[in-house]
Amino acid sequence: MSTALDTDVRPEDRFISAFEVNHGQALNGTNASIAQQREDAIERFSALGIPTNSLEAWKYTDISKIIDRPYALPLAPEVPSVDPSDIAPFTIDDMDAHRVVLVNGRVDPSLSDLGDLPSGVVVSSLTQAGDAHPDIVEAHYGQYADFEDEALTALNTAFVQDGAFVYVPSGTVVEKPIFFLHVTAGQEDLFLQPRHLFVVEDGAIARIVEAQHSLTDAHTFTNTVTETFVGERANLEHYLVQDEGPNASQVHTRAGQQKDDSVYSTNTVTFSGEVVRNNANIEADGSFCESNLYGLCIGKEDMHVDNHTQMNHVQPDCNSNELYKHVLNDESTAVFNGKVLVTRGSQRIDAYQQNDTIVLTHDANIYTKPELEIYADDVVCSHGATTGQVDEEGVFYLRSRGLSERRARILMLQAFCDEVLSEYKIDALRNHITEKIRQRFANYFS
Amino acid sequence: MSTSETEYLKGKASEDYKHGFYTDIETEKAPKGLTEDVVRYISHRKDEPEWLLNWRLKAFRHVRDRIDSGETIDWAHLDYEAPKFDEISYFSAPKDKASYDSLDDVPDEILETFERLGIPLEEQKALTGVAVDAVMDSVSVATTFKEKLKEKGVIFKSFGEAARDHPEIVREYMGTVVPYTDNLYAALNSAVFSDGSFVYVPEGVTCPMELSTYFRINEAGTGQFERTLIVAEPGAYVSYLEGCTAPMRKENQLHAAVVELIAHEDAEIKYSTIQNWYPGDPDTGEGGVYNLVTKRGLCKGDNSKISWTQLETGSAVTQKYPSVILAGDDSVGEFYSVAFTKGHQQADTGTKMQHIGKNTKSTIISKGISADVADNSYRGQVKVSKNADNARNFSQCDSMLLGPDCGAHTYPYIESNNPTAQIEHEATTSKVGDDQMFYCHQRGLGEEEALKLIVNGFCQEVLQELPMEFAVEAKELLDIELEGSVG
Amino acid sequence: MALLEIENLHVGVEGEDIHILKGVDLTLDTGDLHAIMGPNGSGKSTLASVIAGREEYEVLDGEIRYDGDDLLELEPEERAEEGIFLAFQYPVELPGVSMTNFLKEAVNAVREARGQDELSSAEFLQQMRERADMMGLDADLTKRSVNEGFSGGEKKRNEIFQLAMLEPRLAILDETDSGLDIDALKNVADGVNKLRDEDRGFLVITHYERILQYIVPDRIHVMMDGKVVRSGDKDLAQQLEEHGYEWIREEAAAAAA
């Protein structure tokens with residue numbers, strides 16, 4: 001069932017022919033509307049083509065070369081056998097969570113530990129959800145991740161197979177975090193397209209943690225699409241930890257929609273990857289919404305991380321906060337492209353956006369493009385961006401208090417990251433990330 | 001915004017464009033269209049040397065290819081129909097004369113035109129301390145105070161004259177900062193440019209007066225394609241200002257200028273613009289000037305400085321990014337801008353600061369004001385190259401919205417390839433606060449006075465950069481713009 | 001002679017079903033200084049705002065006469081021209097608008113309305129320097145943007161300085177003493193005392209008795225729940241300081257019952 005991608009033809013065509021070869025047998029697909037959507041999506045993908053630098057949204061990130069490798073494109077990926085000891089380094093044991101492990105985008109029950117979920121809450125694979133809760137899946141699937149202008153979202157939609165699914169019914173509180181550990185494994189160069197759907201209904205409260213790791217040295221390209229729905233007065237915290245190693249590339253698209261009086265927070269941290277492109281899109285489709293977008297990128301070697309955010313204010317009386325920070329070492333490159341859109345009539349919006357970068361070496365690069373697009377007059381919108389080095393005044397102050405210069409610099413870097421880390425509401429997760437960052441910084445300046 | 005304020009502003013007539021008249025003079029226009037013959041005709045009428053004709057022809061072949069290949073510029077936040085390049089007449093000059101030797105030769109109608117615009121060309125009437133080059137359509141009408149400037153060795157004349165009189169300087173610099181291949185409109189300009197100003201300030205000389213060029217589009221169906229070149233030798237200083245107006249016309253007129261500045265070691269060029277081209281009909285958006293201009297300065301020498309200040313109130317569409325290439329070590333680039341759009345106006349404007357030398361510094365202060373159904377975008381790039389150690393940039397971009405139907409956008413691009421760079425960018429979008437208006441009312445100020453005061457305050461950081469002689473004019477222009485600007 | 005007469009004033013919030021002032025009666029004679037005291041939410045600041053003409057408020061009933069004429073007819077700037085000055089509780093920042101420009105426009109707008117000639121630049125600057133000096137205001141403040149980057153104390157002193165420049169006939173001080181340190185408090189009080197004269201009336205709105213130790217009022221009114229519930233001479237302030245507002249509330253409740 002696996003189609004190796006032929007590299008002699010246009011990369012788009014390889015995907016299109018793979019789609020045709022597997023036509024009809026793809027997906028859990030008996031659902032007519034999803035099947036139709038797949039047809040529309042492949043057509044759209046064909047028309048859009050793989051994005052190049054000439055597109056404004058991809059100005060600083062070129063995935064065309066990386067996507068042009070002879071990946072295997074498994075439609076129903078075989079799940080290689082993974083031993084619990086393989087994933088032990090990634091399980092964040094201090095975090096008491098409902099844990100689900102996905103290997104190559106498929107839920108592996110033997111590695112998962114769901115524990116006791118509150119009544120009515122569903123945590124499963126998307127395929128299972130399609131069987132067991134078709135009404136919920138149909139109501140939300142494909143509603144938020146628009147593929148009209150996004151070729152990779154179209155591609156994911158065309159090939160959609162499986163992924164993670166969460167449903168929190170109205171008024172339900174899930175106290176423990178729901179933790180999805182995504183690992184890639186196997187010897188083959190893989191092209192994966194997981195699709196996740198998280199539905200948090202009115203008044204429900206939940207925390208979802210996702211971590212991405214790799215058990216293989218093979219090249220992988222993961223094209224993830226996650227759709228999120230946050231109902232009225234609901235609260236969803238959504239964390240993403242990316243650390244797949246130097247051979248893994250990905251385009252990770254999250255599209256969230258929230259309703260009146262809800263709070264939706266995303267927090268992304270990237271530790272490694274070859275080329276990582278994150279699209280975090282939130283539409284505040286209700287009044288008095290609060291939306292938060294936080295991110296950290298700890299750049300090393302020649303990794304390239306592009307955080308692209310789109311905050312759409314389409315209803316009045318909402319506020320949004322956005323803070324992304326980068327610490328760039330070696331030859332790493334970071335891109336931040338944050339856009340705040342306030343549509344006509346969306347009055348009394350308070351939108352704030354900030355991107356700060358510390359560049360440590362001559363070979364590291366930062367491209368930042370914070371954008372405001374405002375069509376309503378009664379708003380307070382601002383953005384800021386800084387790039388620079390560690391504050392020398394601060395270093396001097398610490399040294400005058402007896403710290404070595406190296407320690408002083410490391411401390412200053414940690415302090416720089418703290419502003420984002422303080423937004424982690426799960427202590428065990430915050431400690432875990434803080435420790436990872438501490439380890440990374442430990443050999444800096446030596 | 002309170003109701004009474006809105007009513008007040010609505011009540012104000014909005015077709016207040018003061019400079020919308022047309023002067024009836026007999027002219028000779030080049031046939032419509034962009035052909036090699038037209039380029040040769042322009043060069044011939046202007047009595048140009050061979051090398052300049054050849055330069056034009058090279059540019060012509062380049063731009064013809066680009067136009068024929070269907071090139072468009074679609075990345076800006078602008079919505080307008082691309083100019084029909086083959087329906088424009090690229091040259092318009094008073095019959096018989098493509099240049100004037102002295103003021104005595106200039107027809108009275110033209111002198112009166114400039115008098116009406118507040119630009120008297122007889123030196124005794126002129127603003128002291130300001131030398132003016134007046135350009136109507138394709139021709140430089142007169143340049144004042146030429147003799148006085150000559151004493152100091154400052155050359156200030158029309159581009160055409162300069163090409164004939166100082167070919168060695170013009171040849172050395174023209175096209176070096178904005179090559180004809182730079183962009184579609186720069187390429188077009190390079191092929192068909194009409195007139196413009198040339199300034200040369202010799203080593204160590206501080207230009208004794210403000211230099212100013214006043215551009216006027218008069219004829220229908222023409223465009224304005226002027227070209228300005230300013231060279232400041234080591235240690236020189238010059239302050240230059242351009243002003244622009246055009247008659248009210250139903251069709252769109254194209255203005256595609258190129259401005260090149262070169263500052264050598266320790267030199268400083270201060271370039272100010274008050275742009276008030278006809279903005280089109282405020283209710284229908286019909287007509288108005290397309291102001292698509294390429295302006296760039298090169299801080300060539302160490303310790304040089306180039307400063308752009310602009311007040312953009314006119315034009316149906318404005319797209320310009322006055323930029324500075326900071327090549328010399330310790331060089332400084334500045335950009336101060338107020339862009340006011342109302343009615344159906346659209347502006348996509350900003351700057352590019354390219355840090356190449358070491359210890360270079362740039363400052364960007366941009367104030368955008370948008371009213372009615374206008375759209376106003378700031379687009380700016382700060383780029384720090386690999387070897388540009390210790391580059392510093394500060395950018396502040398503020399937008400003010402007057403009314404619920406307009407738009408204000410900010411698109412900064414920050415690219416840093418050097419760890420020692422310090423770049424700070426801030427942007428805000430807001431409206432005039434009800435509490436601010438009430439505070440002013442409580443102190444006895446009416447709607448109009450209060451609004452003018454607050455908007456002028458919003459622009460103050462930029463307006464204070466204008467040469468004193470023009471700051472008053474700028475403030476008045478802004479006041480006129482504000483009358484009837486909110487619906 | 002009565003400068004300001006307020007009769008049975010009922011005020012709500014424009015477009016909302018909120019009733020703040022519920023029948024205020026108050027008369028201020030020219031040359032007098034009255035203090036208005038009362039706990040939070042009693043309607044003191046609303047009263048000041050309504051006199052100055054803030055548009056968020058809607059007069060539901062009653063009237064305000066100024067110099068015998070209906071005040072409620074007038075726009076805020078017309079009231080200013082007629083000589084009403086409100087020292088704001090939270091003075092507003094006007095970025096980029098220099099104090100000098102702002103005051104010059106304001107002074108000349110008011111002068112024009114009163115049939116006086118515009119001041120020349122020289123006269124204006126002279127007057128500004130003198131009055132800034134009189135108010136103990138740092139002359140540098142007049143070069144800055146209106147209230148921008150001013151400390152709390154500077155903002156309040158700046159309000160009194162503007163009062164001195166605009167020479168109103170009715171000055172309303174809305175919690176001008178709140179948030180001030182003792183030096184600034186004396187400074188503001190000193191300024192107000194210098195500006196008291198036969199042709200000018202003052203309404204001093206305050207939470208605390210402390211400023212009244214420096215500015216001695218001719219009369220004190222206590223507001224509660226949108227009404228003036230008690231009026232008295234300066235000793236009333238002392239009683240309030242010692243016993244709080246509760247006893248007045250009880251008295252008022254007893255009287256109502």
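**Backbone, core and interfaces**

Analyst: Happy to! A:I92 is a buried residue, because 21 other C-beta atoms lie within 10 Å and 20 or more is the cut-off for burial. Keep in mind that this is a predicted model.

User: Where does A:I92 lie in chain A?

Analyst: A:I92 is in the loop that runs between α4 (84-87) and β3 (98-103) of chain A.

User: And what is the phi of A:I92?

Analyst: Phi there is near 45°, which is a positive value in a residue other than glycine.

User: Okay, what about A:E301: what is its phi?

Analyst: For A:E301 phi is also a positive value in a residue other than glycine, near 45°. A:E301 sits in the loop between β16 (290-299) and β17 (304-313) of chain A.

User: Is A:E301 buried or exposed?

Analyst: Exposed: A:E301 has 11 C-beta neighbours inside 10 Å, and the exposed class covers 12 or fewer.

User: Zooming out, how many helices and strands are there in chain A?

Analyst: Chain A has ten helices and 22 strands. Its C-alpha atoms fill a box of roughly 70 × 50 × 50 Å along the principal axes.

User: What radius of gyration would a compact globule of 446 residues have, and what does chain A have?

Analyst: The compact globule would come out near 22 Å, and chain A, at 21 Å, agrees with that. As for burial, 54% of the 446 residues of chain A count as buried.

User: New topic: which residues have the most contacts inside the largest nonpolar core?

Analyst: That core has 335 residues, and those with the most contacts inside it are A:V166, A:V200, B:A232, B:V238, B:L261, C:F85 and C:I172. Its largest share, nine residues, comes from α10(B).

User: Where does this core lie relative to domain 1 and domain 2 of chain A?

Analyst: Between them, because domain 1 (2-286) and domain 2 (390-446) of chain A both give residues to the core. In general, nonpolar side chains tend to be buried together in soluble globular proteins.

User: Which residues is A:V166 in contact with, leaving aside neighbours within four places in sequence?

Analyst: A:V166 is in contact with A:V122, A:V123, A:I178, A:F198, A:V199 and A:I208.

User: Now the interfaces. How many residues of chain A are in contact with chain B?

Analyst: 31 residues of chain A are in contact with 31 residues of chain B. On the chain A side, β21 (365-374) and β22 (380-388) each supply at least two residues, and β21(A) gives the largest share, ten residues. By type, that side divides into 14 nonpolar, eleven polar and six charged residues.

User: In which sense do β21(A) and strand β24 of chain B pair?

Analyst: Antiparallel, over six bridges, with β24 spanning residues 407-416 of chain B. A:I366 stands opposite B:S416 in β24(B).

User: Last one: how many residues of chain B are in contact with chain C?

Analyst: 19 residues of chain B are in contact with 22 residues of chain C. The elements of chain B that give two or more residues to that side are α9 (434-442) and α10 (447-463), and α10(B) has the largest share, eight residues. The chain B side holds seven nonpolar, eight polar and four charged residues.

How values were computed
Residues numbered from 1 in each chain as written. Chains lettered and ligands numbered in written order. Predicted model: local features only at pLDDT ≥ 70, side-chain atom pairs only at ≥ 80, totals over all residues. Contact = placed C-beta atoms within 7 Å. Helix = DSSP H or I, 4+ residues; strand = E, 2+ residues; numbered from the N terminus. Nonpolar A, V, L, I, M, F, W, Y, C, P; charged D, E, K, R; others polar. Rg over C-alpha atoms; globule rule 2.2 N^0.38 Å. Pairing = 2+ DSSP bridges. Core = buried A, V, L, I, M, F, W, Y, C linked by C-beta atoms within 7 Å. Domains from an automatic or database assignment.
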